[in-house]
Amino acid sequence: MRFSLRLSVLTSFTTMALSGQPGNISTIVGDVALGDGGLATQAALYFPSQLALDRDGNLYFLDSRGYRIRKVTSNGRIETVAGTGFWPFVTGQTSVVATRSVSSAVEATALAVTRDGAVIFATLDLYCPSGAQRSYVMALTRSGELARLAGGGCGSITSDAPAHSAPLGKIDAIAAGAGGELYLAERETARILQLDGGTVRIFAGNAFRRISALAAGPDGTVFAADPEAGRIWRISPAGAVALAAEMAGVRDIAVGPSGEVFASALGPVFRLTAAGQLEPFVSGLHIDFTVDSFGRVYSHGDSSQIWRHQGRDAVDLVAGRPVLPEETRTPASARVLFLHRMRFGPGGDLWFWDMVGLRRLRPDGLLEAPLPRASPVFAVDERGLYFVLDGAIEHLDPLGVRSVYLESAALQGRLPEYLLAAGGKLYFSVPSSNEVYVVDGPGQLRLLAGAGALDNPRDLAADLAGNLYVSTRRLLVKIAPSGRISTVLGSAACFTARPEPGGGAEGLCFANQAIDADRTGNLFVTVRHFEPDKYGSYRSELFRLAADSGRVEPLLSGETGLSGDGGPSLAARQTGIEQIAVHPSGSVYLIADERIRRIAAERPFSVSPEGLRIVPGAPASSVSLAAGPGAVRPFRVRVLYRGSAAGWLSVTPEEGRLVPGETTHLRIAANAAGMSAGTYYALIEVMDTASGELIQIPVGFGPLSPRL
């Protein structure tokens with residue numbers, strides 16, 4: 001079809017190329033081929049760290065956000081030796097380890113390789129009953145056997161302790177000694193522990209502020225990087241501590257084949273001379289590094305590649321392909337790193353932030369390159385994008401004009417962690433001061449709720465009635481337009497529980513979880529379990545709280561394994577949900593395990609596409625409605641305009657009947673006469689008049705460039 005437009009250019013729809021059966025879950029961003037079994041230089045890496053080499057020249061590293069331990073062989077091939085890529089990790093519990101294969105999910109915090117080729121790594125359990133963290137030390141032998149070496153207790157050791165019950169805090173670094181002993185850097189106590197012969201003992205402490213890296217020399221001397229003190233420490237085999245050198249921000253350390261010490265502080269690698277001086281060895285940015293038996297430095301300086309340095313100038317790529325521009329055009333296979341925030345724009349565009357930057361998944365299904373100079377703390381509405389940058393809140397309007405929305409002086413050092421644009425206002429939470437603020441307009445800041453009413457406020461959501469919902473440490477609270485604060489979910493004593501399906505909200509526990517709301521007032525909340533299930537995982541669930549009845553309706557709550565794409569969401573087992581966003585159609589999008597996944601809305605009829613963008617110069621399209629099995633369903637259509645402009649969009653037919661097995665097409669016409677340049681938004685609302693249920697299809701009108 002063609003549009004009836006009074007414009008000097010043709011205008012047409014590009015359509016949201018994201019579909020799925022109602023209630024099914026699918027991956028729309030981040031389903032990446034890792035490249036295991038192939039050349040390491042063609043593999044996809046997710047922020048490699050903790051590099052270590054074995055005696056045969058094989059390189060091991062933590063694929064930190066890929067939740068894997070990976071290996072680059074000496075002939076340049078890559079493979080995964082532990083982990084499935086999903087959060088969480090091996091807990092080290094005997095009952096779990098006995099039934100797990102090496103490919104079980106793992107998140108490791110430190111890694112080393114012993115002289116006999118065993119891969120040693122530490123895994124982090126979430127919490128002891130007291131709320132403290134605890135770790136396990138695991139070993140993966142050359143034959144592929146996985147065993148727990150130490151950890152499992154809660155608290156902190158005060159004297160020699162049996163390894164299998166020793167309380168270990170978070171382990172930031174491991175070093176393998178020449179005699180087979182292991183050295184562990186414990187974050188909470190800033191101590192170095194020694195694991196030897198089935199016993200954990202305190203090796204050195206008191207002198208350190210925080211140890212970020214350890215390295216053991218051939219003579220039994222241990223070197224430690226202390227970034228907060230700006231010092232490199234030398235510890236004798238007897239545990240005597242001495243200053244080796246001063247280096248501001250020193251982060252990583254390694255010992256070469258002849259006992260030479262190398263160090264870096266998120267910059268060049270330096271060599272420590274016999275006189276205690278640091279001399280430049282390899283230039284550039286080095287986040288993590290190690291040194292092989294030939295004195296060559298292996299390091300990574302970004303989030304996706306590992307390099308080998310022979311001297312100051314010769315550089316070879318060891319592993320990892322860059323994030324290629326063409327990857328941004330195919331979202332399902334695009335690599336995303338450190339997914340952090342996600343919001344829907346008024347035209348159905350999905351905005352999200354990862355390490356590459358602030359990115360937009362357009363209604364036509366294409367993923368754009370990142371927006372320059374943005375931040376992970378952002379919000380979007382009809383008026384444009386808002387984001388925190390350089391201590392202020394900036395605004396980018398639909399025409400691409402950038403301005404300061406709230407000066408840094410007004411924020412007075414407050415650090416917003418979540419932004420939400422709703423109802424013509426901008427809200428933000430400040431967990432550090434337990435406050436929530438509202439910005440009524442440029443420069444117009446006022447406190448909405450303070451420390452006496454909120455405990456660690458984070459995620460925010462709003463409904464059409466003007467109620468603001470705030471995720472706090474133990475509660476989901478509602479702030480009414482009058483300022484009255486009430487509890488929606490949780491209690492101060494509530495830590496974890498699973499509500500009965502269809503039950504009331506009082507059965508649902510809450511702890512700083514992700515939230516969102518749809519336009520009808522239904523709330524969507526996640527719950528993370530703080531006790532491991534039979535797989536050793538800390539499972540997340542997703543629920544909808546019905547606005548009319550307050551009943552709890554599970555959307556994602558499987559217990560029997562991670563469901564593949566295309567399966568029902570109720571059977572899907574998911575871990576580590578970080579944020580959710582509800583599309584106007586009712587579909588729910590979630591960030592988890594470096595992916596964006598989508599749960600299709602369950603409705604009496606389906607709509608395709610779920611979002612539209614009217615763009616000059618492209619062929620026209622239509623919206624298809626299809627009824628599910630059962631009775632004929634009457635429907636009615638209306639257009640809701642967002643913003644000052646109205647009357648520019650029409651839909652035909654405005655009413656009709658949906659017959660099971662048949663498809664009805666809505667034809668769209670736009671009349672832009674008298675409209676000024678800019679971007680305009682509307683919602684096509686399709687209602688099942690028999691049940692009262694409706695689907696909203698967001699529509700944006702305007703050029704795709706500027707970016708809004």
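In this predicted model, the second largest pocket is lined by 50 residues, and those lying nearest its centre are Ala462, Leu464, Ala517, Asp518 and Arg519. The space within this second largest pocket comes to about 1,200 Å³.

**The pocket**

- Two or more residues of the lining of the second largest pocket come from each of the strands β28 (341-344), β31 (378-381), β35 (418-422), β36 (425-430), β43 (515-517), β48 (577-582) and β59 (694-701).
- Sorted by class, the lining of this pocket consists of 22 nonpolar, 16 charged and 12 polar residues.

**An open sheet**

- Five strands form an open sheet in the order β11-β15-β14-β13-β12, and their pairing is antiparallel.
- At the edges of this sheet stand β11 (161-162) and β12 (171-176), each of which pairs on one side only.
- Within the sheet, strand β13 (residues 182-186) runs antiparallel to strand β14 (residues 191-196), and 5 bridges join the two.
- Tyrosine 183 has glutamine 194 of β14 standing opposite.

**Nonpolar cores**

- In soluble globular proteins, nonpolar side chains tend to be buried together.
- The largest nonpolar core here has 24 residues, of which Leu625, Trp648, Leu649, Leu666, Ile684, Val686 and Ile697 touch the most other members.
- Among the elements that each supply at least two residues of this core are β53 (623-627), β57 (663-670), β58 (680-688) and β59.
- Leaving aside residues up to four places away in sequence, leucine 666 touches Ser622, Val623, Leu625, Phe635, Val637, Val651, Thr652, Pro653 and Val686.
- Another core, which lies apart from the largest one, has 20 residues, including Ile171, Leu184, Leu193 and Val200.

Definitions and conventions: Residues are numbered from 1 along each chain as its sequence is written. This is a predicted model: local features need pLDDT of at least 70, side-chain atom pairs count only at pLDDT 80 or more; totals for chains, interfaces and linings use all residues. Side-chain values use heavy atoms; hydrogens and water are left out. Two strands pair if DSSP finds at least two bridges between them. Helices (H or I, at least four residues) and strands (E, at least two) are DSSP runs, numbered from the N terminus. On a 1 Å grid over the protein atoms alone, a cavity is a set of points where a 1.4 Å probe fits but cannot get out, and a pocket is an open set with protein on both sides within 12 Å along at least five of seven lines; lining residues have an atom within 4 Å of a point. Grid points are joined across faces, edges and corners, and a volume is the space filled by probe spheres set on the points. Ala, Val, Leu, Ile, Met, Phe, Trp, Tyr, Cys and Pro count as nonpolar, Asp, Glu, Lys and Arg as charged, and the others, Gly among them, as polar. A nonpolar core is a set of buried Ala, Val, Leu, Ile, Met, Phe, Trp, Tyr and Cys residues joined through side-chain atoms within 4.5 Å. Buried means under 20% relative accessible area, exposed over 50%, partly exposed in between (1.4 Å probe, protein chains only). Contact means heavy atoms within 4.5 Å.
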